[in-house]
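Visitor: Hi, I'm new to this one. Could you walk me through it?
Guide: Happy to.

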Amino acid sequence: MLHSADFDSDPQARPAAAPGMPAAWQYLATADSAALSGTALLAVVPVALCMTDADARLTFFNEAAVALWGRAPALGDAHASVWPIFDGEGVPLPASKSGLAQALATREAVHGIEAMARRADGREIFFASDATPLFDATGSLIGAIEVVTDLTARCTAERQLRDSEAHYRHAVELNPQMPWIADPQGRILHFNERWCRFTGQTAEQALAKGWFGIANHEDLPGVLKAVELALTTGTPLDVRFRVLTHDGTQRWVRSRAAARRHDDGTIFRWYGSTEDIHDAVIAEAELAQAEERYRFAALATRDVFWDHDLVGDTIMWSEGMQDTFGHAITADTDVGSFWTSHIHPQDRDRVADSLDRAIRDGDARWTAEYRFRRGDGSYAQVLDCGSLLRDDKGRVTRAIGAMLDLSDRRQTEAELRLSEERLRLATAAAGLGISDYSVADNREHWSSELRRIFGVDATTPAGPETYFAILHPDDRPEAEDQHRRAIAGDFRHGFQGLRRILRKNDGALRWIATGGHVIHAPDAAVLRVLITVRDVTEEKLAQDAVGWAATHDALTGLPNKAAFQRVLEELVSSSIAPSSLLLVDLDDFKLVNDTLGHQAGDALLVEVAARLALDLPAGATVARFGGDEFVLTLPDVDNAAAVRLGESILTRLQTPCELGERKVDVRASVGVSTYPRDGEDASTLLQAADIALYSAKAAGRHAVLPFASAMRAGLQGQVSMLRLAREAIARGSITPYYQPKVCLRTMRVVGAEALLRWHHPRHGLQLAGTIAAAFDDPELASIVGAVMIDAVLADIRGWLDAGVPIGRVALNASPREIATRGYADRLLGAIATHGVPASAIEVEVTETALFGAGVEGAVAELAILRAAGVTIALDDFGTGFSSLSHLSRYPMDAIKIDRSFVAGLSNRTDRAVVEAVLLLSVALDTQCVAEGVETVEQLDHLRRGGCSLAQGYLFSPAVGADRFDWTATY
């Protein structure tokens, strides 16, 4: 259909060629009617065209205009009635602002007027108007012609690019933060650990340097200015700057903070966070450059009209050929070969084939997209649309159309894809899955990373139903509640959560951390909701493992001492009815370690732990208290029931335990205490059970004894000593100190006595007397002795390796230790292991070791040692049941005069004892060693009496191996 008011019937009505009129309009105005049908020509042009009279009433419009307007107005209607126009913000514009109205008003051509129009069907169209006034032969204004170019696609692409930028920006904002706290004056009080790892600074360094140690020196003035503004006005801080990171590189960060105020409005803290935005800053810079290129390209965009005479193979181009593609219009451009030669070689055959096919198939229109070479040799991506005109025989003789430069649009689309790809890569690198919900179209999109986390494929619908279906049932209510609140417009929860999912593809239980962000329109309406999901299973399992290890024994899997203390405290604080405590200690456990090895000992502890956990009352807890000691808490179990349970435990433990090819009988002693009878607090209750256990051990072992108050007076001190000894062993705090033995003839150091010392965590270095009870305990005496032997031999080996000339080093052996079968073999085995000569060792025993039922065994052990080259010294001679028969029956290499006699040399009686011992040593051909020499007078008396060796504070106190001087002379 043609829409014209006598444009063809009256050739005189054709517009005269006005000065400055575009070449296309000059062509239309001057073309001979016989050679050109005006309405036919304008009707097929694929660009919206319309013409009006001088009063802006429509006299012509083509089909492209009708398609663009969305309606077909009547000829004679006012141009302004076609559609209302608006500016880019949606504000209505008066009709006088249209391009055609301005052309009629100014009688000059108006180009590139951009606006927005709303069609009758409600669709918004962005367009550009180019209008030219028309004059008759006399120069009188008779109307105007307008070309309307649809810019909707370009504007949509620009909007999509802006949306993509917002999407990317908000996603980056979800990255982990680095919080900090400052006082009202801006002095930083706290940085978190992530900041220290990020910058490579310690917390002390970061706090000491403050803002001066944070910002790059070039950015520091701006940072300080922003901080000063925030401190002065109380407004939130938001500043970007560069920092030096742990690997020496500079990275951009963003630091934001808000003030926390007292009720009176004064600031008492600034709470802030810093985030790494380096990648985002780089991306923004690149995107800004891309946007700048796009903006300049869009400003230069011009459509190019053409008229191709296929018979004569000539083409007429509009001026856009030069403005848009940089080709000056000359005789060379008017031939068809110019067009085909400028099509990209890779596109040329395809374009020619599409045109030939359209002509051959009788099509009225032809469209192709291809690359067209510009004047500078570059290629533009163009969309070419034309109408094919045929003669009466159906042959195509002419084609009229327009070439649209799509380069900017394609570039924008490429940038949009690039931005989306950057977002995808950034989130994938961070291990973030993203759910993107668009409110406008009620659609939710899941990223590929999110689908991988959930274990769902691309065909699985994205939405809350799918998410809730894979959530662990215990975690589902909280997630559903957040969803309901979000639908109601409450987003304060931020979608924060740590939840479990059952991954769809393999059913694996995984932990996820979620967070969210809401994107608002300028009017505060919700546009999009972004939720990030990160698989934190490995982190959660690591945290749980650390937590478990802190409260459990690694060998048995039982709660450890620290966990037991909390259980006991809770038991005491919450018990109403009597509740009891069982302390179980294995008898002769050290013998298992010594004979079968520590691996067997560990296996025995694991088996005992398993047996203890069987058939316990409800609420009972079994814990490993340390070493071979276990403890049970029994809520609501009275003393009598607890004793019965202890007896059943002993019966259960009596079953031999198979350790490899050996069967081991397990025996134990049990102490029982009951709340509140035996103690009203945890410490007292545990002490009572410990005293009862010690009493069971002293009574012959393999027994269950409940605590009785009469036990406390006699055993409390010993129990305390035993507890200290066990703790010292467990901590490895026992160490030997050495007091030199001096030859009284040469006054040189010729030997040393190894004396036990141990380090208390609060009271420091302690003497052996503070754990004296341990030397009377069969198990502890052996353990302490073994620790001392190993430490002393290691020190001797160190002196020998250093080439130090050493003498004999004396080891003290307690009566319990000597009485233990195999003592000599264990000592000689340790000597051999360390590569120390037996002649370098002396064993000191007290007279007590030579009395009692076990004396024959002790003597046998000493004989083995003496035969191997180890010398034996009788310690503290004269303080016990001294008898000359001991010296004759049990040959000794040395006799030691006790310090009490040396200190009493000024007393006639003590002096007589010392002189008698000295004479006895000469008669028996043994060395005599005086202990506790502290004065010159004591030294002179001993030398005159023929004493061989002496030790005491006059020469040196006991010192560590690193301070002992074997070369000293006094």
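Guide: We'll start with the whole chain and then look at some sheets, helices and cores. This is a predicted model, where local features need pLDDT of at least 70 and side-chain atom pairs count only at pLDDT 80 or more, while totals for chains, interfaces and linings use all residues. Residues are numbered from 1 along each chain as its sequence is written, and side-chain values use heavy atoms, with hydrogens and water left out.

Visitor: How many helices and strands are in the protein chain?
Guide: The protein chain has 31 helices and 38 strands. Both are DSSP runs numbered from the N terminus: helices are H or I with at least four residues, and strands are E with at least two.

Visitor: And what share of the residues counts as buried?
Guide: Of its 970 residues, 47% are buried. Buried means under 20% relative accessible area, exposed over 50%, and partly exposed in between, using a 1.4 Å probe and protein chains only.

Visitor: Let's do a sheet. What is the order of the open sheet with antiparallel pairing?
Guide: Its five strands come in the order S14-S13-S17-S16-S15. Two strands pair if DSSP finds at least two bridges between them.

Visitor: Which strands stand at the edges?
Guide: S14 and strand S15 (365-373) do; each has a single partner strand, so one side of each is left without a neighbour in the sheet.

Visitor: Which helix lies across S15, S16 and S17?
Guide: Helix H12 (residues 345-360), running at about 165 degrees to S15. Axes are lines fitted to C-alpha atoms, for helices over the stretch in contact (heavy atoms within 4.5 Å). Angles run from 0 to 180 degrees between N-to-C directions.

Visitor: Switching topic: what about the mixed sheet?
Guide: That open sheet also has five strands, ordered S24-S25-S23-S28-S29. Strand S24 (621-626) and strand S29 (704-706) are its edges, each pairing on one side only. Strand S23 (residues 579-586) and strand S25 (residues 629-634) are antiparallel over six bridges, with Leu581 opposite Thr633.

Visitor: How do H26 and H27 sit together?
Guide: The axes of helix H26 (residues 823-834) and helix H27 (residues 855-867) come within 8 Å and cross at roughly 30 degrees. They are therefore roughly parallel to each other; angles under 35 degrees count as roughly parallel, over 145 as roughly antiparallel, 65 to 115 as roughly perpendicular and the rest as oblique. Tyr823 and Leu827 are among the H26 residues making the contact, and Leu865 is one of those from H27.

Visitor: Where does the largest share of the largest nonpolar core come from?
Guide: That core has 77 residues, among which Tyr738, Val843 and Val845 touch the most other members. Helix H24 (residues 778-801) gives the largest share, eight residues. A nonpolar core is a set of buried Ala, Val, Leu, Ile, Met, Phe, Trp, Tyr and Cys residues joined through side-chain atoms within 4.5 Å.

Visitor: What does Val843 touch?
Guide: Beyond its neighbours within four places in sequence, Val843 has contacts including Leu811, Tyr823, Leu827 and Leu865.
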